[in-house]
Structure formats: structure tokens, C-alpha cells
Amino acid sequence: RVDDDLPALPVFLASSNAFLILYGPTYLKRLWCIVELFVFDTMGGRQVELLAAPNTSLGDDITTFDAWQCQCFEPADREYLLTCIEAATGSHIAFNRRIRSMLRELALEQNAELVGPTPAVGERFM
């Protein structure tokens with residue numbers, strides 16, 4: 001269960017030197033994956049690498065990403081994670097903007113061809 005694992009996630013990620021995203025068609029649809037990325041960034045993790053599957057375009061996925069459309073195997077886990085996200089960021093809108101901005105910046109750093117539309121002013125990842 002996620003509510004058993006989530007409290008340990010910061011401890012696990014704090015001991016990690018890097019975060020690897022194996023990006024494919026379902027990455028932005030799996031809520032646990034997005035929460036891992038968010039927690040790593042929130043804890044100050046800076047070394048993130050994105051490896052995209054062949055013929056995978058990140059641009060449209062970033063632009064339309066919405067955590068509230070993501071899924072978990074257990075519906076109760078999904079509700080728990082969404083509640084934690086809102087508590088941590090204040091709103092689902094803020095969370096979505098932050099994830100979109102992180103991924104845009106990461107894609108720009110690693111491969112400009114993966115990037116969709118330019119983010120709005122003030123939406124850049126810090």
C-alpha cells in the first residue's frame with residue numbers, strides 16, 4: 001500500500017545521487033512515477049536524466065499533463081496520493097504546472113526535439 005511506502009520515499013531518494021526517468025507512453029499516466037519525481041525535486045535532487053523510448057514525443061504529453069488523470073493500481077492509493085499532492089503544493093493546478101515545467105526544462109537540457117510549446121512566463125522550473 002502506498003500509505004505505507006510514501007513516508008519512506010524521501011529517505012530512499014535522499015540516498016540517491018540521480019533520478020532516471022525511463023519515459024514511455026504510460027509514464028505521465030502513472031501517479032506513483034510522478035510523485036517520485038516530485039519528491040526527488042522537492043528534496044533538492046538535481047541530477048535527473050530522461051531516456052525516452054524510440055518514437056516517443058514528450059511535447060504534447062507535457063502540455064496536457066494532469067495528475068488528476070493519472071492512475072494507480074488501487075483507487076485508494078490514488079486518492080491518498082492526490083490528497084498528499086494538494087497538501088504539499090496547495091492545489092492541483094500548482095502541482096501540474098510544476099511537473100510540466102520540470103519536464104520541459106529537462107527535455108530542453110537533454111534533447112530539444114522532445115519539447116512542445118514554450119512555457120508561459122513564470123512557469124519555468126526553479
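Predicted model: local features only at pLDDT ≥ 70, side-chain atom pairs only at ≥ 80, totals over all residues.
**Notebook: a look around the chain**

I started with glutamate 79, which is partly exposed, with a relative accessible area of 45%. Here, buried means under 20% relative accessible area, exposed means over 50%, and partly exposed is in between (1.4 Å probe, protein chains only).

**Salt bridges**

I looked for salt bridges (a side-chain nitrogen of Lys or Arg within 4 Å of a carboxyl oxygen of Asp or Glu). The count comes to 2. Glutamate 79 is in one of them, with arginine 78, and the closest N and O atoms are 3.0 Å apart. Arginine 78 counts as buried, at 15% relative accessibility.

The other bridge joins the side chains of arginine 98 and aspartate 41, at 2.6 Å, N to O. Arginine 98 lies in helix α6 and aspartate 41 in helix α3, so this pair ties together parts that are 57 residues apart in sequence. Helices (H or I, at least four residues) and strands (E, at least two) are DSSP runs, numbered from the N terminus. Arginine 98 is partly exposed at 27% relative accessible area, whereas aspartate 41 is buried at 8%.

**The whole chain**

I counted 6 helices and 2 strands. From the N terminus on, they run α-α-β-α-β-α-α-α. Of the 126 residues, 40% are buried. I then checked contacts (heavy atoms within 4.5 Å). Among those with a separation of 6 or more, 72% are between residues 24 or more positions apart. The accessible surface is about 7300 Å², and 55% of that belongs to carbon and sulfur atoms; such areas come from the Shrake-Rupley method with a 1.4 Å probe, and for residues only the protein chains shown count as cover.

**The core**

Which residues have the most contacts inside the largest nonpolar core? They are Ile21, Tyr27 and Leu31, in a core of 30 residues. The term means a set of buried Ala, Val, Leu, Ile, Met, Phe, Trp, Tyr and Cys residues joined through side-chain atoms within 4.5 Å. Strands β1 and β2 and helices α3, α5 and α6 each supply at least two residues of this core. Helix α3 gives the largest share, 8 residues.

I zoomed in on isoleucine 21. Beyond its neighbours within four places in sequence, isoleucine 21 touches several residues, including Tyr27, Leu37, Leu50 and Leu103.

**Aromatic pairs**

I found 3 aromatic pairs in the whole structure. Rings of Phe, Tyr and Trp (its six-membered ring) pair if their centres lie within 6.5 Å; planes under 30 degrees apart count as stacked, over 60 as edge-to-face and the rest as tilted. One of the pairs is phenylalanine 38 with phenylalanine 95, edge-to-face at 5.1 Å centre to centre, with 65° between the planes. Phenylalanine 38 is in helix α3 and phenylalanine 95 in helix α6, 57 residues apart. Both are buried.

**A surface patch**

Last stop: Leu20, Leu22 and Leu51 make a nonpolar surface patch of about 290 Å². Patches use residues with over 30% relative accessible area and no salt bridge; like charges are joined within 9 Å, and nonpolar side chains (Val, Leu, Ile, Met, Phe, Trp, Tyr) within 5 Å. Leucine 20 is in strand β1 and is partly exposed, at 47%.

Key. Residues numbered from 1 in each chain as written. Heavy atoms only, no water.
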